[in-house]
Amino acid sequence: MNLGDYIHEAVFEDKNAYLFDLFWDNFEEDGFVVTDEEGHDIDCIFKAVAIQNLMGEFVYRLYDEVNETDFENVVKYLADLGIGEDEILEYCKNDPEIDVDEDDDDATIKNALDYVTQIVADKLLDMFSATDLFDYFFTATYDFEQDFTFEFEDTDEFLAFVDSNQEKLDAYKEEYISVLDWIESGMIV
């Protein structure tokens with residue numbers, strides 16, 4: 001199975017796929033994720049789940065909904081690829097930036113996800129402005145049914161929608177200034 005296809009189908013699913021595609025495509029262009037070479041499975045899955053984590057944290061901050069994405073998702077997605085916890089832990093131990101807890105494997109994997117989530121947040125802020133990220137996250141999660149109903153066919157249609165609703169999105173940025181501040185301060189989760 002192609003890892004990129006697996007990530008798209010299993011991790012990103014249909015919900016907000018256009019937003020995940022936007023981020024993932026930019027990551028691939030920049031060489032931040034490598035899905036066509038052997039041995040990058042664990043790193044790519046961590047990064048994909050990190051994007052989910054950031055989206056969940058945005059939703060939590062905006063709507064006070066629970067952020068349900070956690071390290072167990074990483075373990076599940078990698079198990080589906082035939083990669084076990086021993087290999088995940090080896091990945092964690094090989095990165096000196098990941099805090100390894102010799103007595104608690106779950107804590108080690110959680111620490112790895114937290115670390116990779118921060119790297120992904122930094123990368124997103126390197127590639128997109130904080131205001132653009134707010135617009136993307138907000139548009140992907142906000143129920144615009146109050147004003148109109150719209151389903152996006154693809155990333156281009158999503159971006160066109162964001163561009164054509166800039167005035168309204170700017171008003172939301174003012175209403176949710178603390179969420180914009182969170183993005184600007186690095187999306188620390």
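A residue is called buried when its relative accessible area is under 20%, exposed when over 50%, and partly exposed in between (1.4 Å probe, protein chains only). The model is predicted, so local features need pLDDT of at least 70 and side-chain atom pairs count only at pLDDT 80 or more, whereas totals for chains, interfaces and linings use all residues. Residues are numbered from 1 along each chain as its sequence is written, and side-chain values use heavy atoms, with hydrogens and water left out.

Helices are DSSP runs (H or I, at least four residues), numbered from the N terminus, as are strands (E, at least two). In helix α9 (residues 166-175), the buried residues are L169, Y172 and K173. These residues lie on the same side of α9, because they cover an arc of only 105 degrees around the axis; the arc is that of the directions from the helix axis to the C-beta atoms. On the face of α9 turned away from the buried side are the exposed residues E167, E174 and E175. The cover over the buried residues of α9 includes α7 (130-141), α8 (155-164) and α10 (177-184), where contact means heavy atoms within 4.5 Å.

Helix α4 (residues 71-80) has the buried residues F71, V74, V75, Y77 and L78. They pack against α1, α3, α5 and α6 (105-127). After α4 comes G82, which has a positive phi, near 85 degrees.

A nonpolar core is a set of buried Ala, Val, Leu, Ile, Met, Phe, Trp, Tyr and Cys residues joined through side-chain atoms within 4.5 Å. The largest such core has 65 residues, and those with the most contacts inside it are L19, F23, I45, F46 and F137. Helix α3 gives the most to this core, with 12 residues. Apart from neighbours within four places in sequence, I45 is in contact with L3, Y6, I7, V11, V74, Y77, L78 and L81. In soluble globular proteins, nonpolar side chains tend to be buried together.

Rings of Phe, Tyr and Trp (its six-membered ring) pair if their centres lie within 6.5 Å; planes under 30 degrees apart count as stacked, over 60 as edge-to-face and the rest as tilted. Over the whole structure, 15 aromatic pairs were found. One of these, F27 with F32, is edge-to-face, at 4.8 Å centre to centre and 75 degrees between the planes. Both F27 and F32 are buried. The pair of F46 and Y91 is stacked, because the ring centres are 5.2 Å apart and the planes are at 20 degrees. This pair links distant parts of the chain, as F46 is in helix α3 (residues 41-63) and Y91 is in helix α5 (residues 85-93), 45 residues apart. F46 is buried at a relative accessible area of 0%, and Y91 also counts as buried, at 19%. One aromatic cluster is formed by Y18, F23, F58, F128, F134, Y136, F137, F138, F158, Y172 and Y176.

A charge sits over a ring if NZ of Lys or CZ of Arg is within 6 Å of the ring centre and within 35 degrees of the ring normal. The charged end of K47 sits over the ring of F32, 3.9 Å from its centre.

H8 belongs to helix α1 (residues 3-12) and is partly exposed, with a relative accessible area of 32%. Leaving aside neighbours within four places in sequence, H8 is in contact with E13, A17 and D21.
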